[in-house]
Structures are given as C-alpha cells and as structure tokens.
Amino acid sequence: MAYYPEFAHLLNQELQRQDRSSSWLAQRLHVSPSTVARWLNHGTRPGAPEVVARVADILGVTAQKQALLAAAGFGYRPAAQDVPGVDSVADRPGTPANLRAARLPIPVTPLVGRSLEKARLVEWIRDAGPRLVTIVGPGGMGKTRLALDVASERAEAEQFEHGVAFVDMAPLSELDQMPAAIAQALGLPLESGSNQTRSPQQQVIDFLSARHLLLLLDNAEHLLDGAPFIADILAGAPGVQILVTSRAPLRLVGEQLYPLGGLETSDPLAQIDRESASASALFVQSARRVRPGYRQDAEENRSIAEICRLVEGMPLAIELAASWVTLLSAGDILAAIRRSLHFLETDLRGVPARHRSMQAVFDATWQRLNETERKIFAQLSVFRGGFSQDAVHRVTAAELSQLRSLAASSLIVYSQDRGRYTIHELLRQYGALRLAELPELDAATHAAHSDFYFDLLRRRQNALKNRGLQTDLQVLDAEMDNLSRAWHWAAAHGRVDGLSDTLDGFGLYLQWRGRSAEGEAAFRAVAAALAETGERQKQARALAWQSLFARVLGQHDSATQLLSQCRRLLAEPSLAEADVRPERAFVLMQLGAAAAASDTQAALTYYRESLALFESISEAWFAAEVLLGLGHVCLLQGDFPGQRAYVQKALDTYRTLGNVRGAAFALSMLADIDSYRGRPLSGLELGFEALAAFRALGDPIGIATCQSRIGMTYINLGDVFNARQIVMESAARFAEIGSRRDEVIAYAFLCAIELMAGAYGQALAYAERSHSIARQLDDQFVLGVAVGFLGWAQHYTGDLPRALGTLREAVMITTQTGATMDFIRCSAQLGLLQWQNGQDEQARALCYRCLRLSVQVADAWSLLTAIGTTLAILADGENPTRALELYGMLMQSPLCAASRWFADGIGPYVTKAMDQLDEDAAEAALQRGENLDQRDEASKLVDEVSALGWGSSDR
C-alpha cells in the first residue's frame, strides 16, 4: 500500500485553519467519517483525483488544489513558494521537513505583562539550557498564553530547523492517546494494522530522532503518568527541546520548573498610574473589549487595583471580572468577588468550558485529588495569609508528604525564605466552599485553628510586656490574618475561653501596629460574646480595650460611654467578692487618656488612681504605661519638672523589664522635654535614638510619633527644611494607620513650619486640613490645637476679622481643657490682633496673663509668643527701649531668627521703636538684649507691665 503523508499534512492543516472537523468534511463528501480519518491519520488517499478536487472545492481552496492533487499522487509537485500557505516538503520521502506553518494557535489578544517571565524562558530555550522546561501554576494563571508567546518568538527567530509543534493535551483522556496527538501535531502518519512494526511511541521517537525542533505540550497535568514517554523522547531525540505547561511538575530528571505567579499588581491606595501595573492593564484591556467606551476615574482605578490584588494578579480571574463592566462598576465587581467565587464566570462564546468560570477551573484540579488530599485542601481554607508546617499539622493533621502533593498540584506554594505555605485567595475561597459541604469537619477545623492561634497569642502576650522585642512582634505580624480569623470565629461561636485570657495580647499588638479600626471591631465582637456568657469582669476589660481604639479613631464620646459601661459592670453585686483591681486599674487608665482631651485635672486624678491599683497588684508594665500618661498630662499643663519625673520613672521600669518599645516611648518624651526646655540638640539625639528603636520594631505608631516630636525639635532649632520633611512623613503615617487625632496635630505642626517659612497660603491650607479633621472628632484638646493654628494662619494671610473670632474660640477651648502651652500661644496671637484692632485694654490684660504663665512653663514657643506680643505693645510708645532689648534677646534664638511670621508680625513694631530712638540708643538696646535670658526677662516683665497697670483687669 502506498502512503501519502504530505496529503494528510496539507489536508489536516487546512481543516485546522478553518476550524473544521473531519466529520464535517465526511458529511459534505458523502463518505464515512472513518474514510476521512484514514486520510488524516494513516496517510491513505482518495481513490481518484476527482475526489481530491472535490475536497479542495468544499474547503474553498483554489491555489492549493494542485498541491493537494500532487500530494495525493495525481499531479505535478509545485514549488512551495508558488503555493500560498504551503510549506516546503522534506527531502526524505514521506516526512514533512518544516513544521513552522500553522503549528501554533494564534492568540486573539496580546500578551499583557510577563516581560521578565518571557525573557527568562526565552533565554533558557535560546541558549540550549534545560531541554525540558515546565511552566507550573494553578489553573487560570496564563501558562498557555505565556508558553505560546515564548514558542512564537523562537519560531520567528528560526532557532529550530524544523520549527515548533503545539500539542493541546487537554482533550486527551487516556495515556495511549499521547503518541497519536503528538504525531498529529508533527504531521506524522502512524503505522497501524498489519503494517505496524513499531509502537506509536517508538514511531514518534524515531521520527524526532533526526529533528531539531521545539515541542510545546500544553495542559499536561492530567497525564503525568505519561512522563516516561516524554523522558524517552528526550533520550532518543537529542535535537528536541520540550516546553510543558502543567498544574503539577512532571518530576523527571533534568526538568527545569518555572513557577508562574500572578501579574504585577499595584497598591490600591498608592498615588500612581494604576494602569502601569500589568494586572490593572489587563483588566482595562479586557473591559474595553466588551465595553469600548470604558473609562476610569480615580475611584474606579482604586477598585480595579483592589480587584487585581484580591485575585492576586491571576489573569483568568481578572478577565472574568472585567467581563462584568457592561453591567457593574469596578467597585460593585469587587464587592461581588468578595461575596462569592461563583461570580467569576462568563457566557462569552469561544471560551473553553474549563475557562468559563473559576469554579470550573478549580473543579478540574479537585477531581484529580484523592479523598485525603481533598479533605486536607478544604481544611486549609481556614487559614489566612499563609501558614507554617506546624500550624497545618496541628489543625489538619496533614503530613509533609501530603503537603508536598498539594504543592505539586499548584494548590499551595511553599516559600523557602519565609518557611511558610500560602494559598491563592480564590483557591482558598474554593476550598471554603468544599469545606462548608462537610459541616462537622468545618466546625472542628475552625475550632482547631482558633485553639492553635490562641495558644500562640497566649505564649507571646507576656513577652510583649516584658521584652517587646522585634522577634515577638514579627511572629505575630506573620500570623495577624490567622489571629484575626481565629478571634472573630471564636467570638461568633461563643468560644470565649481562648478570647478572655488573650485580651491584652491581641489589644497590645493591634495598638502597637496602628490597626485601630480592626481593634475596635474585634473588641466590640468579643465584648458582645462575653456579655452573652455573663463574664462581666472580662467583658469590662474588653469594653475598655474597645474604648481605647474608639478614642484613637476620634470617637471620644463613644469611648467615654464605653468606659461608663465598664464602671457599671465592675460595680455589679455579682462581682462584690471578686478581685476586680486589674480591670478597675485598666479602666481608670483609659479614663485618664480620654480625659486628657478635655480636662487635664480629671485626667491626673484618674491616672493616679490607676497607678496606685497597678502598683498594688505588681503590674509593673501597666504602671509604667500610666506613668507615661501622667507625663503627657504634665506636658499639656506645662509642668516639665513633673513630666520628667514621671517619664524617667517609666523609663527605669521599662529597662528593668527589658521592654524595648516602652523604653523608646519614654526616650522620645524625654527628647520632647529637652527640646521644650531649651536643649534642642540633646532632644534631637534622644529623639533619633528612640526612632531607631521604633524602626527596628517596625512600629508605625512609634515611628510616626517620634517623627512628629523630632519635627518639633527641628522647629525649635530653626531648621525649616528638615522639620518639613519629617513632619510630612509623620502626617502620612498617621493618615495611613487611621490615627486621626495625631494627624490633626501633625498638620498643625506643618502649619507652624510654613508660618516660619513665610508660606502663609500653604500654612492656611494645612491649618484648614487640621481643623477639618478635628471637627470630625470628639476631642476638645486637638480641636483647641487646630483652631489655634487656623486663627494664626488667618492672621498672616490678612483675614484679620476672621482671625479674631477663631483665636477667641481657641482661647476658650484651651482654657476649658487646661492645655497651658496652647492657651499661651493662642492668647498671645489674639492679644497682638486686639492691639492692632484698637482693643488696647483687652490686649494688655491678655498679654499679662500669657507672660505669667510663660514664666511657669518656660518652653521656647510660650516665651517667644508671650514676649513677642509684649514687645509689640511696648514698642508702640510705652517703652521702645525695652522693646528693642527684648527684640535683641529673642533674635538670639534660632526659632525666632528663622521665623518669617515673627519678622512680618513683630518687625513693624521694632521699626516703630527704632524710629522713636536715636541710632546709638537703639543699637545699645539691641546689644544689651543679646546677653539677656528669656526666662529671667519674662519674670521681670511680669512685674514691669504689672506696674504699668496691664494686669489690673486680670486680677
């Protein structure tokens, strides 16, 4: 029997190009499908040239008709270049020599991203590196698309003499179908029946033995048992390189794995062009295919970035999500994905069934797992943010070999660097659906998960108080998502045993990591669970923690109400015999922190009661925390000696305990004291020592607080540039972690910095931002700060009427809160405005009061503002000589010398004073002032202006 493999090759090529089946052609020729199958697979031919011509007519082929006739032995053989789309034939009879044409499917969309991945794969293939490269990854990761691009690039470069061949293994169901599929891709007719002298496998190997080509085997994961055949090809065909895509490795000697992850995603909150990230670019490209006019604003871009982050850059998931833009916004799509994995599906024609939904993609992998693997994979869905081998063994009883098997199926990934497993979020959702089908296993797995992480937290919480070392925090950082999941599941299911003895550990961690919103929600949930079980003592502690986070979030009234509820709970008759001192002390500490925002005297009372209780039960760490609170209240009142005593005692306690974080906070407060008390260089040194400790701990609250305080020190040094830089970083950090109260103060500091620089418009913008945030909070202290700086900025932008009203409000608020330094600064500015506005008596009385308080406080800002306003009034006729002495003294301070607002606000009065004296007298007064001490002169000024009658209305 004669064989005509080239006819089979050309006919098969044309059917593939037109996406026609052999049965389709058989129906139109009125022959049996087996007849056409023999032509295609066994190299036989039609019995007459008329049949070949009829085949060509049915296929609509005209230019290739002669080529088909010649290939079937019925006509002359034209040159390949004369027949469009026909490759040259091999010199060897019966074998195609060039496989470049029509061997690779043509993708309908361009490849997005993957430049680094493609470059690495091309390098391996181009440089004759590993002969077997397997791209591995979960379904939907874009393995096929990347492999096609790599193969196409090598085909265009004509690296392989015999081109490339593509084999789609997805339709195959049996191992013995592999040789035929590869042979068909190669255009190789296999011997069969009585003519078969070699196995199909051997025929393929023999055919390839003299070939130089790239063989692309796509979707090989379900035929892994056929790996020995692939090994035989590599052994028998030295000129062949093989590129495989699979969800699991072939596990052959010499196999080079290339694990494929998601596309690059961007931070949803980052202020960048989000389309520059390849994941977001794919979403937009896919969206515009179904909705050509699709456009995105900033909010849409943020949602797109979050969608891409949620699906971890998985291309198929992104494309399925983008297909919904015809009906929904990106924000709605994001919410739907979070609710259910089932949302990610499409009804577009032409999409293979296995890619129509993420559910279908994952179902295919699920079906290949054995029962034990399915159970373990479903249980793994309880983990969040990865898990250690110890954790998974304790929760699921899985052995290392079983984890290795799941990793081989691309269901989990092991990071050697981190020593942890991770699971793609969409796979985790799929596993959760499967776990929910087994309610008893679901409950038992969640319970084991909670028990494991409560035990971890229980073991770490005392270490946080005693050491607070970086390693303790890093352990909890790695497990934060699991801790949160365990916490909320236990609260929802009333499992309060693990919750009640880890309250402090979880609260401290969330507080130190600046996760206030999570903290408020977490402790609200556990307080409700404890209320259900009637554990009043622990409920009170949980509510006190909730109040702490509410206060940080600016919910002052809510925090106060929660603390009142705590006191009522602890006073219940059922607790009359219980030792509630730990809870009472903790509640009083939170009451002190809350009162500091509006009533400093009340804050001192609460803190002192709390300190006494903590000391009575030997709670040294909490006692040190209360000492820092007392130090903060002393600062607000301008009592620096009292503040230093409290903070130094706290520092000694932290060092005794070995608590790095507490010691760093104490150091930063001592730095503040040095800065305020005229030793800014010492303050700067201590401040940076504290900042280094916070950076080592990775503590966002500590870093931001330290930066803010260092910024104030730079202000006192007159260093506008460095002050601006570090306070801007501080403000950004506070905004990121949601500490609105601290954000208000940071923007107030930025206002002060721009006032110093003379950038009054920018100063006003910062002041308005600070004021806008403060108005949303239930915190009188920060409101007083914000209103004061707003009035100051309004003054220097020329809005004097509004500035008068704003500064009056600031003086009223700071009087009520007892914030002495803020009162001095606001009153001095108000006094200057009143003097300019002709309200002489009020200005003198207010100035006299500021002077008296500045002597008590004696910080740089209080002295500068109080003496500066006094100088202006004296320069305006009452004592110009004394005014110039004071000016000469103040100009020795870097803070004053660098302040443009001082030059613009006080400078005109200095000029007026100089105009009233002769040149020598003015110069002499200025020189005398250079040797004066600000605090001493402030004390003298109190007596001097009192003698002038300034304080008569203040007595």
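Strands β2 and β3 run parallel and are joined by five bridges, where two strands are said to pair if DSSP finds at least two bridges between them. Because four of the five residues of strand β2 (residues 164-168) are buried, this strand is largely enclosed by the rest of the structure; buried means under 20% relative accessible area, exposed over 50%, and partly exposed in between, with a 1.4 Å probe and protein chains only.

This is a predicted model, in which local features need pLDDT of at least 70 and side-chain atom pairs count only at pLDDT 80 or more, while totals for chains, interfaces and linings use all residues. Residues are numbered from 1 along each chain as its sequence is written, and side-chain values use heavy atoms, with hydrogens and water left out.

The open sheet is formed by five strands with parallel pairing, in the order β2-β3-β4-β1-β5. Its edge strands are β2 and β5 (255-259), each of which pairs on one side only. Neighbouring strands of this sheet are turned against each other by 15° on average, direction ignored; axes are lines fitted to C-alpha atoms, for helices over the stretch in contact, and angles run from 0 to 180 degrees between N-to-C directions.

Helix α8 (residues 178-186) packs on the sheet, where it touches β2 and β3, and its direction makes about 140° with that of β2; contact means heavy atoms within 4.5 Å. Helix α6 (residues 115-126) lies across β1 (132-136), β3, β4 (240-246) and β5, and runs at about 170° to β5.

The loop between α5 (65-71) and α6 holds Arg-114, a residue other than glycine whose phi is positive, near 65°. Arg-251, in the loop between β4 and β5, also has a positive phi, near 60°. Most residues other than glycine have a negative phi. Arg-114 counts as buried because its relative accessibility is 5%, whereas Arg-251, at 56%, counts as exposed.

What does Gln-379 touch, not counting residues up to four places away in sequence? Gln-379 has its place in helix α16 (residues 371-380), and it touches Val-395, Thr-396, Leu-435, Leu-441 and Thr-445. With a relative accessibility of 4%, Gln-379 counts as buried.

Key:
Helix = DSSP H or I, 4+ residues; strand = E, 2+ residues; numbered from the N terminus.
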